Amino acid sequence: MGEVDLEPFGRTLLIDGLIQSCQCDEFVYHECLVHPALLAHPCPKSVYIGGGGEGSTAREVSKHVKRLRRQAACAVPLPTD
């Protein structure tokens, strides 16, 4: 896992040598992941984020802070060799 700067993508997260997300477009994935679920729920009070990784999902969830009482994230540890 690592980060590199790639043109024209900007800061890029790599996992196992494959692009996971890029600075220029990561918001598209996370907005589509979070907002439909939170807007469809009539009264969300808490959110659990499993494997929150880079924190982008938490960032999008925090945009609903007036509707939520609690937000929790659990990062999944990388295996060690």
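In which strand does Ile49 lie? In this predicted model, Ile49 belongs to strand E4, which spans residues 46-50.

View 1. For Cys74, which stands 25 residues from Ile49 along the chain, the separation between the two C-alpha atoms is 6.3 Å.

**View 2. Ser56 in helix H2.** Helix H2 covers residues 56-61 and includes Ser56, whose relative accessibility of 6% places this residue among those counted as buried. When neighbours within four places in sequence are left aside, Ser56 is in contact with Glu26 and His30.

**View 3. The pairing of strands E1 and E2.** Strand E1, made up of residues 2-6, pairs with strand E2, made up of residues 10-15, in the antiparallel sense and over five bridges.

**View 4. The pairing of strands E2 and E3.** Strand E3, residues 18-22, runs antiparallel to E2 and is joined to E2 by four bridges, with Leu13 standing opposite Ser21 in E3. The hairpin formed by E2 and E3 has two residues between the strands, and in its turn Asp16 adopts a positive phi of about 55°.

Key: Residues are numbered from 1 along each chain as its sequence is written. This is a predicted model: local features need pLDDT of at least 70, side-chain atom pairs count only at pLDDT 80 or more; totals for chains, interfaces and linings use all residues. Side-chain values use heavy atoms; hydrogens and water are left out. Buried means under 20% relative accessible area, exposed over 50%, partly exposed in between (1.4 Å probe, protein chains only). Contact means heavy atoms within 4.5 Å. Two strands pair if DSSP finds at least two bridges between them.
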